[in-house]
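Student: Could we go through this model together, one question at a time? I would like to see how each answer is reached.

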There are 2 protein chains.
Amino acid sequence: MKPTVNAKDVAKLAGVSQSSVSRVFFDGAKVTEKTRQKVLAAAQELGYRPNEYARSLITNSTRIIGLVMKGIHNPFYPQVLKQFTTSFKKYGYSILFVHTNNDEIQNEDIETLLNYNVAGVIITDATMSMNVAEAFKANHIPLVFFNRKLTTSDFYSVCCNNLNASRKIAEFLTARGEGPMVYISGNEDTSTSREREQGFAEVLEQRGIPYQKYTSDFTYDGGYETARRMLSEGDAPAAVFAANDIMALGVIDALRKSGVKIPEQVKVVGFDNIDMASWPAYQLTTWEQPIDEMVDETVNYLLSEIDEYTGQAQAVEVEGSFVERSTT
Amino acid sequence: MKPTVNAKDVAKLAGVSQSSVSRVFFDGAKVTEKTRQKVLAAAQELGYRPNEYARSLITNSTRIIGLVMKGIHNPFYPQVLKQFTTSFKKYGYSILFVHTNNDEIQNEDIETLLNYNVAGVIITDATMSMNVAEAFKANHIPLVFFNRKLTTSDFYSVCCNNLNASRKIAEFLTARGEGPMVYISGNEDTSTSREREQGFAEVLEQRGIPYQKYTSDFTYDGGYETARRMLSEGDAPAAVFAANDIMALGVIDALRKSGVKIPEQVKVVGFDNIDMASWPAYQLTTWEQPIDEMVDETVNYLLSEIDEYTGQAQAVEVEGSFVERSTT
């Protein structure tokens, strides 16, 4: 147990009430200058440090944002974590990091977020059942689904305009008169994977170009194994569109290992524009997700809801941009 | 502001004192069964959820571990973050994630950790001045420097035995009768970079093999640029030992871009064994840092110090193992 000094000790030494001590440190409520000076002198003498817990109980608010993340091996997400931490720090908020191994966020993690009475929650690549999300709503804790688009209109979500982006990728690939193509999905219960397929499929259908779909899981190993499966099944597509960059890198490595020339024999396109996409070993053509803009939208919404809770919901989509490199 | 129910409301409805409510939820202290039932019934009726803040103020302890990290772009660290989060969750502890852009952890971050009265602190790749570290000691907050070895014996640190590891790397490279070599350092104020050079240099000197040192920064771009500088200065070493894997990948890409054959003309060795080291595009020979063991040492120490603070310090070193792949 740590040696400690609390507001009671300060009040006793200063000869004032405990609520006067609270008012000096937290409230902004009126307190006479004389009382203030007595309290500050006593606090200094005792080394009193009013902490977040006392502040939280008195103001009934916290400065913790819960951030839930699963796919730490996809460099997109550590980058997202960094940018949220940096951005919230400017406003005095800290990040409680919740990692989940499951697709769906677990009960113990929900308990943690509620126990800490977090000011807001960001769900990145995990899923959350709607009745759990309702528990946050009941507690007036604002929630953002990040890099996800919801089918319900009950919660705020921020993601890239995946439909538009994948349409443009398909237009780029078909403009050169290519043959049959392959789409490699991520986890199929994600809006990102579904919408990237949908936009891609729409354009290909319009132009009468067939495509084959392979189901994968948004990981490097998943992309690698899927490309090997594709080759072993005799599929020789003109182009492969992988639902994220890290899978696309696995696809490139698997194709090269089998002696397939990129882009001469097969073109490869990813999605995200992670740092590695620009490495000389890959030079991957991809779609850049505008992380800055996505983070700003999320932070602004959460701060506004923390300031005055409305529970308003919206599906925000930002555009991003096509990045052409050497794999196409 | 959130609608809220506090212990006072529960006490009022139950017709008991506030401290009875506290005892029911937190203390383990004695309370009559009759009182307990009254409190639980009132709590249920009001939907009272005793949160971490109330618990913290009453027990004077928290279940938050502050984790300070800088280099989120090096995949080694997201992996470390994931393993700490998973490991601490088993014991009911959560991770407050503190990201710093500076080498030295900033005052505002120290304030955050102290304000949250964290149960323990882990400093990964950031540095902390000793007088700041003393502030944690004064508050009986245990501190671990992770992947760092301290020159003082005042604080606990956990890292790989970098001296032994780099000696073995040098022995492996010199056993094949190679010519002059290159060491690419990370940030030079880190024990990891210094000790990896020291062990490497010792063995090379014993065997009369010269080496050239280039200073870099533990990043992919740093490795890439350093290799280009090396080539432009006419250095054609038999082998390059980069102080971490992500720099080694940059070295490989730069050498290949200039048409240098690996390992035929230049051998490359890294350090960490991140996932990417085993990717077919790289197949990097490296030293595996035993993250599991390093995390266990850290978690066990912190839990023991949280249970009963001793302030004991030790520099723990774990061994790890050499991983031979295709770049040597």
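Here is a friendly run of questions and answers on a predicted model.

Student: How many residues of chain B are in contact with chain A, and how many salt bridges are counted between the two chains?
Tutor: Let's start with the contacts: 60 residues of chain B are in contact with 59 residues of chain A. The area buried between chain B and chain A is about 5400 Å², and carbon and sulfur atoms give 57% of it. The rule also finds 12 residue pairs in polar contact across this interface. So that leaves the charged pairs, and with the cut-off of 4 Å between nitrogen and carboxyl oxygen, the count between chain B and chain A is 2 salt bridges.

Student: Which element of chain B gives the largest share of the side that touches chain A?
Tutor: Several elements of chain B each supply at least two residues to that side, including α4 (52–59), β2 (94–99) and α10 (220–232). The largest share is 7 residues, and the element that supplies them is α5(B).

Student: Which residue of chain A meets Asp109(B) in a salt bridge?
Tutor: Asp109(B) is one of the buried residues of α6(B), along with Ile110(B) and Leu113(B), among others. Its side chain meets a partner in chain A at 3.0 Å, N to O, and that partner is Lys89(A).

Student: Which residues does Phe84(B) contact beyond its neighbours in sequence?
Tutor: Phe84(B) belongs to the largest nonpolar core, which has 150 residues. Within that core, Leu81(A), Phe84(A), Phe88(A), Leu81(B), Phe84(B) and Phe88(B) touch the most other members. Leaving aside neighbours within four places in sequence, the contacts of Phe84(B) are Leu67(B), Ile95(B), Ile122(B), Phe146(B), Val295(B), Thr298(B) and Val299(B).

Student: Is Thr62(B) buried or exposed, and which backbone atoms does its side chain reach?
Tutor: Thr62(B) sits in the loop between α4 and β1 (64–69) of chain B. Its relative accessible area is 4%, so Thr62(B) is buried. Its contacts, not counting residues up to four places away in sequence, include Tyr53(A) from the other chain and Tyr93(B). The side chain of Thr62(B) reaches the backbone oxygen of Asn117(B) at 2.9 Å and the backbone nitrogen of Ala119(B) at 3.3 Å.

Student: Which backbone atom does the side chain of Ser191(B) reach?
Tutor: Ser191(B) lies in helix α9 (residues 191–206) of chain B, and with a relative accessible area of 5% it is buried. Leaving aside neighbours within four places in sequence, Ser191(B) is in contact with Arg148(B) and Lys149(B). At 2.8 Å, its side chain reaches the backbone nitrogen of Lys149(B).

Student: Why are Arg36(A) and Glu33(A) about one helical turn apart?
Tutor: Their side chains meet in a salt bridge at 3.7 Å, N to O. An α-helix has 3.6 residues a turn, so residues three or four places apart point the same way. Because Arg36(A) and Glu33(A) are 3 residues apart in helix α3 (residues 33–46) of chain A, their separation is about one helical turn.

Student: Which helices does the salt bridge between Glu202(B) and Arg167(B) tie together?
Tutor: The closest N and O atoms of Glu202(B) and Arg167(B) are 2.7 Å apart.

Student: How many residues apart are Glu317(A) and Lys149(A), whose side chains meet in a salt bridge?
Tutor: The bridge between Glu317(A) and Lys149(A) is 3.4 Å, N to O. Glu317(A) is in strand β11 (residues 315–318), while Lys149(A) is in the loop between β4 (143–146) and β5 (156–160) of chain A. The pair links distant parts of the chain, which are 168 residues apart.

Student: How far apart do the C-alpha centres of domain 1 and domain 3 of chain A lie?
Tutor: The domain assignment gives domain 1 as 7–59 and domain 3 as 162–288 in chain A. Their C-alpha centres lie 61 Å apart.

Key
Residues numbered from 1 in each chain as written. Chains lettered and ligands numbered in written order. Predicted model: local features only at pLDDT ≥ 70, side-chain atom pairs only at ≥ 80, totals over all residues. Heavy atoms only, no water. Core = buried A, V, L, I, M, F, W, Y, C linked by side-chain atoms within 4.5 Å. Buried < 20%, exposed > 50% of the residue type's maximum accessible area, 1.4 Å probe, protein only. Contact = heavy atoms within 4.5 Å. Domains from an automatic or database assignment. Buried area = accessible area lost by both parts, 1.4 Å probe. Polar contact = N/O pair within 3.5 Å; in protein donor to acceptor, adjacent residues only side chain to side chain. Helix = DSSP H or I, 4+ residues; strand = E, 2+ residues; numbered from the N terminus.
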